[in-house]
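Here's a quick tour of a protein model. Have a look at the fold first, then read on.

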Amino acid sequence: MNIEFNRIYNMNCLEGMKYIPDNSIDLLLTDPPYMISQKNKRINRKNMRTEAYRREMDINLDFGEWDHFESEQEYEEFTKKWMTLTYNKLKNGGWFMVFFDKNKICLLEKIAKELGITSKTIFVWAKTNPTPHFRRMNFVSATEFIWMGVKGNTHMKNYQRQTEMYNYMLYPNKSTYGETGHPTEKPIEILKRIIKPTTVENDVVLDPFMGSGSTAIASIQLNRRFIGFEINKEYYNMAMQRVSKAISQTKLLYEVIEK
Ligand SMILES: C[S@@+](CC[C@H](N)C(=O)[O-])C[C@H]1O[C@@H](n2cnc3c(N)ncnc32)[C@H](O)[C@@H]1O
């Protein structure tokens, strides 16, 4: 099988990534399953005591089958498999960026260390409009974390102004930016912020867990190439729709600039 650039493949990434040549990818940016789904669990907001929190729609705490694993051991083996594959595909000096559950970051660090990835930082996405904590038993969860490391340890390719290099970014949650029905769609602006300094134009970004295609859209908008995998047909179709729209918008933009 020949893997082409600027394509998403509707297949299991553990199979598909074998066809990517080793040391050919400039950046690994991905958002794998977190194993945090609570089977069939929803929070009903119709009868909330506080009026401001009442909504017609439930909050769904089950993202889908793809986020269910039999045991922690199975999840650890799965994580080790995809991390090892992506490590082999990355060029020396390539960055490794992974959205990950805060409670499992130690697992990611452990595997990264075994593989020889240099740990760099944890980028924080701080949500400006997080979902309120209804039961008042904890702080409101308003952050998501992107673990970052590098294969080898070289200077960053495309360092930006200091203010664009802070390792956090304030951005709203999906209720504000969401374009698709994917339950864990990530904001394009956050992805662009981290792709930009670690790559240059035409570099290749790999996302083995493409979901609704956000990494592909961010790459297109920054004129980077991408390779993606998505196992679920419905999400793959969502991603393909977004990609063709983004490509035609970019073409239009270049036509206007060239005139
Ligand atoms: C957390 S979501 C990614 C969401 C994505 N960042 C977005 O913005 O839409 C993880 C995705 O990985 C897919 N997935 C899970 N296991 C997979 C596998 N082995 N190969 C390819 N895709 C897989 C799921 O179907 C899901 O859409």
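## Ground rules

This is a predicted model, where local features need pLDDT of at least 70, side-chain atom pairs count only at pLDDT 80 or more, and totals for chains, interfaces and linings use all residues. Residue numbers start from 1 along each chain, as its sequence is written.

## Overall build

The protein has seven helices and ten strands. Helices here are DSSP runs of H or I with at least four residues, strands are runs of E with at least two, and both are numbered from the N terminus. The C-alpha atoms fill a box of roughly 55 × 50 × 40 Å along the principal axes. A compact globule with 259 residues would have a radius of gyration near 18 Å, and the protein's 19 Å agrees with that. (That radius is taken over C-alpha atoms, and the globule rule is 2.2 Å times the number of residues to the power 0.38.)

Buried residues make up 32% of the 259 residues. A residue is buried if 20 or more other C-beta atoms lie within 10 Å of its own, exposed if 12 or fewer, and partly exposed in between, with C-beta atoms placed from the backbone. Of the contacts between residues at least 6 apart in sequence, 73% join residues at least 24 apart. Contact means that the C-beta atoms of two residues, placed from the backbone, lie within 7 Å.

## Helices α5 and α6

Two packed helices are described by the angle between their axes and the distance between the axes. For α5 (residues 188-198) and α6 (residues 214-221), that's about 55° and 9 Å. The axes are lines fitted to C-alpha atoms over the stretch in contact, and angles run from 0 to 180 degrees between N-to-C directions. The two helices are therefore oblique to each other: under 35 degrees is roughly parallel, over 145 roughly antiparallel, 65 to 115 roughly perpendicular, and the rest oblique. On the α5 side the contact uses I188, L191, K192 and I195, and α6 brings S214, T215, I217, A218, S219 and Q221. By class, that's five nonpolar, four polar and one charged. Nonpolar covers Ala, Val, Leu, Ile, Met, Phe, Trp, Tyr, Cys and Pro, charged covers Asp, Glu, Lys and Arg, and the others, Gly among them, are polar.

Seven of the eight residues of α6 are buried, so this helix is largely enclosed by the rest of the structure. Just after α6, N223 takes a positive phi of about 60°.

## Helices α2 and α3

Helix α2 (residues 72-89) packs on α3 (residues 105-115) at about 40°, with the axes 10 Å apart. This crossing is right-handed. E76, T79, K80, M83, T84 and Y87 of α2 meet L107, I111 and L115 of α3.

## Loop residues

Most residues other than glycine have a negative phi. M35, in the loop between β2 (25-30) and β3 (42-43), has a positive phi near 55°. With 18 C-beta neighbours inside 10 Å, M35 counts as partly exposed. N202 sits between α5 and β9 (204-207) with phi near 75°, and its 10 C-beta neighbours inside 10 Å make N202 exposed.

V140 lies in the loop between β6 (117-127) and β7 (143-151). Not counting residues up to four places away in sequence, V140 touches P130, P132 and H133.

Conventions: A crossing is left-handed if the near helix is turned anticlockwise from the far one by less than a right angle, and right-handed if clockwise.
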